Amino acid sequence: MPQPAEIEEFNERIQRAVSGNPPLERRIWVTSLSRCLRKTALSIYLNTYSPSKNWEARIGSALHGWLGEVVKGAEFEVPVEYELRDGWKLVGRVDALKGPYVLEFKFLGFEKNDRNSSRGKKNRDLEHAEPSKEWVEQINAYMGMLEKERGYIYIFDRNGLKFRVFEVAFDEGLFRRFIKRAERVIEAVEELERGRFPTWISTVGNKEWVCRSCPFRPICGAIDRKWLVEGD
């Protein structure tokens, strides 16, 4: 007797999982689009991306949970998703929603910033801190996904937890460009599924520090970036 389509699909997932070939999760995390798009595509294709495994994400989640416990008055750690194409979704987790406003909390001193980078110098202390390009991109993406017009980035100093607040107005053009990045990642994953490596997909940011600790460095070094392995 034939089984319902939902059961057949579930059975296929079980079979692929036990055979070491788990189903491709057609999800792209907002935070992954501000970094190396090639790494994002490879992580999705090889089923290795998990934001919860990132040590910065774990610290951030704990601090957000603490804020939710002691502050209250807002929705904390709110999951969001946005339909792309062919079953793909852009997904994320907003730090907090307060009525019509998207709130993101950033904590100085917990990130592995390159001390020579402009971001590292800029955000060493609260007095000189300001939202990075990545933070603005991400809160803008959340606003676009939730159809909100305004958000606020809170930057906390971990020494005493003083904070500054920065208002961010929704930028439709920036959101569209962010969605274009997601579409390029989808195209790259589809190319990987066809057995071809997407050499055309770019690295976001400074290659020296982006590539330094990347688990896919040997792959890129063997294919089109010999300089990644020359010094090894």
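The buried residues of helix α2 are covered by parts that include β1 (27–29), α6 and α8 (217–223); contact here means heavy atoms within 4.5 Å. This is a predicted model, in which local features need pLDDT of at least 70 and side-chain atom pairs count only at pLDDT 80 or more, while totals for chains, interfaces and linings use all residues. Residues are numbered from 1 along each chain as its sequence is written, and side-chain values use heavy atoms, with hydrogens and water left out.

Seven of the nine residues of α2 are buried, so the helix is largely enclosed by the rest of the structure. They are L37, R38, T40, A41, L42, S43 and I44. Buried means under 20% relative accessible area, exposed over 50%, and partly exposed in between (1.4 Å probe, protein chains only). Helices (H or I, at least four residues) and strands (E, at least two) are DSSP runs, numbered from the N terminus. Just after α2, N47 has a positive phi of about 60 degrees.

The largest nonpolar core has 37 residues, and I28, L33, L90, I155 and V185 touch the most other members.

The largest share, eight residues, comes from α6. Such a core is a set of buried Ala, Val, Leu, Ile, Met, Phe, Trp, Tyr and Cys residues joined through side-chain atoms within 4.5 Å.

F76, F105, F107, Y154, F156 and F163 form one aromatic cluster. F105 is buried, with a relative accessible area of 7%.

How values were computed:
Phe/Tyr/Trp six-rings, centres within 6.5 Å; stacked < 30°, edge-to-face > 60°.
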